[in-house]
There are 2 protein chains.
Amino acid sequence: MKKVSIKDVAKLSGVSISTVSRVLTGSAPVSKELTEKVIKAVQELGYSPSSIARSLRNGATKTIGFILPDITNPFFAHIVRGAEDYLRKHGYTLIFGSSDQDKNEENHLLDVLLSKHIDGLLFTGSGDSNPKLLRKIEQGLKVVFLDRIIRGVNSSYVIVDNKKGINLLLDHLIENGHESFLFVNGDKNTFSAKQRHVAFMERMKSGKYKHEHYFTGFSYRAGYNFASQFDDILEFDAILCGNDLIAFGVIDALEEKGIHVPEQISVTGFDDIPFSKHYKPALTTVRQPMYEMGQKASELLLLMIKEQLSTAEGIILDPELVVRESTRRTKI
Amino acid sequence: MKKVSIKDVAKLSGVSISTVSRVLTGSAPVSKELTEKVIKAVQELGYSPSSIARSLRNGATKTIGFILPDITNPFFAHIVRGAEDYLRKHGYTLIFGSSDQDKNEENHLLDVLLSKHIDGLLFTGSGDSNPKLLRKIEQGLKVVFLDRIIRGVNSSYVIVDNKKGINLLLDHLIENGHESFLFVNGDKNTFSAKQRHVAFMERMKSGKYKHEHYFTGFSYRAGYNFASQFDDILEFDAILCGNDLIAFGVIDALEEKGIHVPEQISVTGFDDIPFSKHYKPALTTVRQPMYEMGQKASELLLLMIKEQLSTAEGIILDPELVVRESTRRTKI
DNA sequence: CTGTTAGCGCATTCAT
DNA sequence: ATGAATGCGCTAACAG
């Protein structure tokens, strides 16, 4: 590529490079006359300042990193979009990487992003505590955790009220006569899966309801495999799933067994990815405000950067029950 | 954030900064003794070289930009994932931006990415010719167009054989007795929609088949609205849709009208996003190798960068017919 | 093999 | 209001 630098502009307009810099950044007053000359030269040359040189000089890159499990998962894609829109509006660029929940990949990505001198990090990692990240935070790296919190880290986060989400689902099911529940949850080491597990068990401890709980994985495949292999599944009135993808897998496996949803058994999801509305049967689920999560997290992060906040702040968003066709009123 | 630089490492290990640089880059031999000292200091300090300083020095950022319509669209998310995986394996990082097909946003993104000194660009833009981009390409910017080519630009690209895709669909439909076709296409100004339109009209020009063609938009909404408002839709044996999302919208609108797919009318999609397999009815469509497109495009781009190729190369991937449940054999 | 030095493009002192 | 000089962190050319 070519290389028109501030020098070229200075030369063409017949001023010093500092003057050029001043008109471009507005950091100090410049006479109208010279300003015009500079602007003209800039246009003529199609010059645009090197933000990498600027970064080196200013110590800020106006770039935010985002480490997430998989951009291919609509849940994350929507969060990313929320972050992207907010950040761009405020002059920041987003650089991201999919980690596939892999600890090594996660660390590698962290190194890469750090070496790129990101100003802040949005992080949705595997559940395990990450010493390297922890250390960087202590050293001043601004991070906000999204959807998942890492144990032992006292930092900012944006999550959804998982307990409330589970209770919304259970309320709906119980009001409609359900009395026994099977919970097909996501990855065991994951923050959200754990929270949902706890909420579920708490609600069940009255002993009034028959129930079982299993950790699997947050994917269609995991749901499908689980339901395919699980015998006597009709002993339950309802199956709660760790997310919508699991629910899709469960429903498909059930139908293959000749079991109809919701006529014979109710199934619920979690997330409300856009597709859930169009699934057959349309999924009863709990909506997480994905786009908003991305926005809020970015807002929080930019605030931390701007104000040099070391204090952590947490935002807990409200989930919303969405009743559709995959749950029914039992005969009782 | 803190700032442990190469100087700190040099000081701690008692060598010069060039020695540190040499062991880190392997650009020149260093005695075992000093190497060890340096490595130890690096670990102790948790030092990682500033790739922004490196970029400034080397003139390469090891960063690739990707401008696309919307990361939230699974079609693009999968392409991005393919690109991401390939690029990361080769030491490159991906910066992306969603343009929503908006010309201004597209240009703004281009400026931002350029100022970040990306080494190359993956581009899926609105269909219209983009003079600014054109100019940058002439100035040496390495670009590969993905899925969509811009008119008047002679650059590298990776697309799918749209004509073949349409013919695969039409072959399947015709073999199964269909004789009249309605094509609900995507955005009119888009390269792929145009290609598919041409392929369709060419096949129809024999006059043997009743047919109509309309441009709408590449979204669920567009398909839904179109089908809701279209009267006498049952005069056609089959509806071809510009992509899977449109097909979903069409099918839903049809069902609301009490028209059953495929019993009363066949519907096809284009893309084969992962969800199409699980739709009810499972969608007959044409698979675009999305992940592979991202990979190939990245491979091509890195090649252009490495070899300083100015010559353009085009890769046309083969689409694949996927017959599922949304098409039937007509009685005839 | 190793240390010293110049300079990548820019913003910011410090002079004037 | 303007120009000259300095340094951000790093690599490569230049001396030993």
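Let's start in chain B, where four strands make an open sheet in the order β7-β6-β8-β9, with parallel pairing. Strands here are DSSP runs of E of at least two residues, helices are runs of H or I of at least four, and both are numbered from the N terminus; two strands pair if DSSP finds at least two bridges between them. At the edges of the chain B sheet sit β7 (210-215) and β9 (266-268), each pairing on one side only. Neighbouring strands are turned by 15° against each other on average, direction ignored.

A word on what you're looking at: this is a predicted model, in which local features need pLDDT of at least 70, side-chain atom pairs count only at pLDDT 80 or more, and totals for chains, interfaces and linings use all residues. Residues are numbered from 1 along each chain as its sequence is written, chains are lettered from A and ligands numbered from 1 in the order in which they are written, and side-chain values use heavy atoms, with hydrogens and water left out.

Now zoom in on β6 (residues 180-185) of chain B, which pairs with β7(B) in the parallel sense over 6 bridges. Within that pairing, Asn185(B) stands opposite Phe215(B) of β7(B). Helix α9 (residues 191-204) of chain B packs on the sheet, touching β6 and β7 of chain B, and its direction makes about 170° with that of β7(B). Such angles run from 0 to 180 degrees between N-to-C directions, with axes fitted as lines to C-alpha atoms, for helices over the stretch in contact; contact means heavy atoms within 4.5 Å.

Chain A has an open sheet of 4 strands too, ordered β7-β6-β8-β9 with parallel pairing. Its β7 (210-215) and β9 (266-268) stand at the edges with a single partner strand each, so one side of each is left without a neighbour in the sheet. In β7(A), Tyr214(A) is the bridge partner of Val184(A).

Next, the place where the chains meet. Chain A brings 52 residues to the contact and chain B brings 53 residues. The buried area, meaning accessible area (1.4 Å probe) lost on putting the two parts together and summed over both, is about 4600 Å², with carbon and sulfur atoms giving 55%. There are 8 salt bridges across this interface, a salt bridge being a side-chain nitrogen of Lys or Arg within 4 Å of a carboxyl oxygen of Asp or Glu. Asp70(A) forms one with Arg81(B), the closest N and O atoms being 3.0 Å apart.
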